[in-house]
Amino acid sequence: MENKFITPVLEAYELDTKEDMLFEILPRDYNTPAMFADIKDIPNLPDKMKVTIFGYIDSFEIKRLNGRKALSQIKAKLYKDGTNIHLHWTTTSAKAKAMLYGLKMKAPKDTLIQVSGKIASYETASGYLFKYIDQPMLNNIENNESNARLIVPEPIYKLKTKSKITSLNIQNAFRELYKNIDSLEREKMLPKIIEEKLKMTSLDNAIAYTHGLKAIPIEKFQDFLETDIFRRRILIEKIWKIMYENFHSKQSKSENNDMYVSEEIIKTIQFILNRLEFKLTNDQKKAVWGLLNTFANKKSSKNLVFGDVGSGKTMVSLIIAFVLAKVLKEQIVIMTPTSILAKQHYEEAVEIIGDLVNVEIIHSKTKKKEKDTIQKKLDSGEPTILYGTSSVNGMNYKNLKTIFVDEEQKFGVSDKEKLHKKYNTHIVYMTATPIPRTLASSMYSDFNIFKIEEKPAMQKPRITKVIHKLDINEIEFIKSKLREGEQILVIVPAISSNDLISSAHAEKKYKELFPEFKLDKINGRMKPENIEKTTEKFMSGDIDILVATTMVDSGFSNKNLSFVFIENAERFGIAQMHQIRGRVGRGDKQGYCYLIPASTQLKEKTQDRLNSLVESENGFELSMKDIELRGSGDLAGTEQSGSEVNLLEWVNEVEIMNKYLKGESIE
């Protein structure tokens, strides 16, 4: 297997194996094809019109453009039913050969091809208007002529910011994997007997349809977008991998290190608790003592701390990190999925304990000089609490003993376990994903599990309302809070979706509602540095109202954020709206969540979904309600959930896999 496309994707996403790529990279959405047309219609259609046509390609040719040494053009002719149209691609000469290789992969000779692109034209010397399709997307349809009413979905992937890898590159990598499917390590993958017991589609089929490698009848395309049987087959493989590795991993050797629960440790915990402006909940205290006891009895360990949004998991990590650095002189890493969240945690830690221990931060924007200074401290063995994104994996440590991974489900396999494997440390995964303890015990059989259910005493229950329009009294009330320094977050669906309320419409709406206040926006099309700059201005209070897509549904904590408006609320799943709601009322201020559907005429299920958020703040209850209302087929919201797994949807599957691993009958 050549791995021409696979290797660059693995490197870009820092994955170790083809199997990891399979589990960790899934489309976040699909492009809907343009208008269908016949080749013979193209001469009568206007330039710049997007069309999807079908035909056959015999061969490709490549040549450098005259006078443009840095550019090359690839040409092909698409023919069908006695007519043809030219296809043109322009690219840099350096990339032309690789592009040609990819195009040939997607358009084998004598295979029906789906072509989607814009019509373009130019006038020849003789005055003839030459029409062609410019920069088209190709997908092969391995069916005969009678099945021409087919469509190949075009996957859109979450791309790495600093990587040049495109969605097309990723799709080609999966095409390469699919053609060499036998190269996968099948002996460690989901056994056939479980696949049959669960009545699931084959892994081969799941890969092909999920990544747009197989055609779908046009009339079934909407069903494909709204159901997830193929994605579920891949995610069950991920769950199996976690369970298989946990079941077969070796338990850490005992250590019996009394230092972790010494009198000095106890006094230090009491000292830090006295510094806090609030009291820990009983669950937080149990998690602190439970983790310290685990560390005392094992040289290295795996631990899972799970609790609802705002339950105080971050404070547990800060307290333990402090006592380990202060008393045992250890180095501790606390890893977060975004630099914004890393900065928030870092600033909170500096404020509480910065005068007592060395607290540092590192992320993709950290300058080399600052990195070098931090590295010298780590090399000297100085006790340090290091906050950061996956950038922490690039540092070296002399005395690293414990790693905390916040929002662990947001990280890829290699990112979150790299340092744990390298330094044989304790690792603590923290997640807000609702998991029943029995399910967690089956999934994470080699983990010590701690659940935080109680909410901090200072946190007031959020007030949630379903509204279609703010009345004058509410507008004046919100304005009074804005004048006191409180802030608003407006959430709109992702830019790629065809929603009634876009980011631009939301900006206009809230500028008109609150004209005297500063408003700004962030979305996935902005440059990362601009997103970060705008978010920091919002955090510092320079912006009163922030309009954002769902990129802030987790890892976004602002104590002055009191109001969140979720536009097009009917387009989101319950769990996602609960995560978004968790961004407000984080301090001692009252939090308000307004759910704003686009229509006043809602389906009964949709109304039930929104009402469930009004009635409950319990993440576990809401997730169960989400599953009940959606059923097994519907996806939550307009965006796919990537490679993340809601374990509540897999209770039956986990139980069957657990029985199989224990050698029990699954018949």
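**Salt bridges**

Modeller: The side chains of Glu195 and Arg233 form a salt bridge, with N to O at 2.8 Å. The term means a side-chain nitrogen of Lys or Arg within 4 Å of a carboxyl oxygen of Asp or Glu. Glu195 sits in helix H5 (residues 192–197) and Arg233 in helix H8 (residues 229–248), so the bridge ties together parts 38 residues apart in sequence. Helices are DSSP runs of H or I with at least four residues, strands are runs of E with at least two, and both are numbered from the N terminus. Glu195 and Arg233 are both buried. Buried is under 20% relative accessible area, exposed is over 50%, and partly exposed lies in between (1.4 Å probe, protein chains only).

This is a predicted model: local features need pLDDT of at least 70, side-chain atom pairs count only at pLDDT 80 or more, and totals for chains, interfaces and linings use all residues. Residues are numbered from 1 along each chain as its sequence is written, and side-chain values use heavy atoms, leaving out hydrogens and water.

Across the whole structure, the search finds 28 salt bridges. Another one joins Glu474 to Lys465 (2.9 Å, N to O). Glu474 is buried at 15% relative accessibility. Lys465 is partly exposed, at 33%.

Lys479 also bridges to Glu516 (4.0 Å, N to O). This pair links distant parts of the chain, 37 residues apart: Lys479 is in helix H16 (residues 472–483), Glu516 in the loop between helix H17 (503–513) and strand E20 (519–522). Lys479 is buried at 11% relative accessible area, while Glu516 is partly exposed at 44%. Finally, salt bridges with shared partners join Lys192, Glu195, Arg233 and Glu237 into one network.
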